[in-house]
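Biologist: I have not looked at this one before. Can you put it up and take me through some of the residues?

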Amino acid sequence: MHEIDVAVVGGGVVGLSCALTLAERGATVCLLERESRPGRGMSTRNSGVIHAGIYYPPGSLKARLCLDGRERLYAFCKRHSIPHQRCGKLLVAADETEIPALDVLRARGTSNGATSLQMVDADFVRY
C-alpha cells in the first residue's frame, strides 16, 4: 500500500492540470481515470480553441479567468514544447441581421484585451 497526498478523479484537461499543479507543489498525486487513456472523456469534446475572452462581460470573473488561462496555456505550451498556433478565429454572420451581434462581440473582445479584431467580408474568406 502506498500513501498519497491527493487523489484526482478524472484525467481530462482539468484533472491533469490539477494533478500537475499539485505535483509541482510537492504533493504525491494519484490520478484516477476510467478511460483507457487520459483525455478520452469530456475533453474530447473540446474545440481546441484557446479563447480570447470575447464572449464574457468585461471585468467579469469569467473574462478575467479566460484571459489569465489563455496566457498560462500559451506559456505552458512554450515551456513544454507543445505545438500550437495563434491563428485567430473567424466568426461568421449568416446574414446582415447578425452583423450587430458581431459588433457587440468585437467591442467586448477589445474591452477584454483581445487584439487584431476586425470585420472582414466574403472576399477575405475566399482568399
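Biologist: Is serine 81 buried or exposed?

Modeller: Serine 81 is exposed, because its relative accessible area is 66%. Exposed means over 50% relative accessible area, buried means under 20%, and partly exposed is in between, with a 1.4 Å probe and protein chains only. This is a predicted model, in which local features need pLDDT of at least 70 and side-chain atom pairs count only at pLDDT 80 or more, while totals for chains, interfaces and linings use all residues. Residues are numbered from 1 along each chain as its sequence is written, and side-chain values use heavy atoms, with hydrogens and water left out.

Biologist: Where is serine 81 found?

Modeller: Serine 81 sits in the loop between α2 and α3. Helices (H or I, at least four residues) and strands (E, at least two) are DSSP runs, numbered from the N terminus.

Biologist: What is phi of serine 81?

Modeller: Near 55 degrees, which is a positive value in a residue other than glycine.

Biologist: How far does α1 reach?

Modeller: Helix α1 covers residues 13-24, which is 12 residues, and spans 16 Å from its first C-alpha to its last. That is close to the 16 Å expected at 1.5 Å a residue. The expected span is 1.5 Å times one less than the number of residues.

Biologist: Switching to α3. Which of its residues are buried?

Modeller: Leu102, Leu105 and Gly109 are the buried residues of α3. They lie on the same side of α3, because they cover an arc of only 60 degrees around the axis. The arc is that of the directions from the helix axis to the C-beta atoms. Helix α3 itself has 13 residues and reaches 19 Å from first C-alpha to last, close to the 18 Å expected at 1.5 Å a residue.

Biologist: What does methionine 119 touch?

Modeller: Not counting residues up to four places away in sequence, methionine 119 touches Ile99, Leu102, Asp103 and Arg106. Methionine 119 has its place in the loop between α3 and α4 and counts as partly exposed, at 36% relative accessibility.

Biologist: And valine 120?

Modeller: Valine 120 is also in the loop between α3 (99-111) and α4 (122-126). It counts as partly exposed because its relative accessibility is 35%. Valine 120 belongs to a nonpolar surface patch with Leu90, Val92, Phe124 and Val125.

Biologist: How much accessible area do those five residues have together?

Modeller: The patch has about 460 Å² of accessible area. Areas come from the Shrake-Rupley method with a 1.4 Å probe, and for residues only the protein chains shown count as cover. Patches are made of residues with over 30% relative accessible area and no salt bridge: like charges are joined within 9 Å, nonpolar side chains (Val, Leu, Ile, Met, Phe, Trp, Tyr) within 5 Å.

Biologist: How many salt bridges does the structure hold?

Modeller: There are 5. A salt bridge is a side-chain nitrogen of Lys or Arg within 4 Å of a carboxyl oxygen of Asp or Glu. One of them joins aspartate 123 and arginine 126, at 2.7 Å from N to O. Those two are about one helical turn apart, because they are 3 residues apart in helix α4. Both aspartate 123 and arginine 126 are exposed.

Biologist: What about arginine 70, buried or exposed?

Modeller: Arginine 70 is buried, since its relative accessible area is 16%. The residue lies in helix α2 (residues 61-79) and meets glutamate 71 in a salt bridge (2.8 Å, N to O). Glutamate 71 is partly exposed, at 38%. Leaving aside neighbours within four places in sequence, arginine 70 is in contact with Ile50, His51 and Ala52.

Key: Contact means heavy atoms within 4.5 Å.
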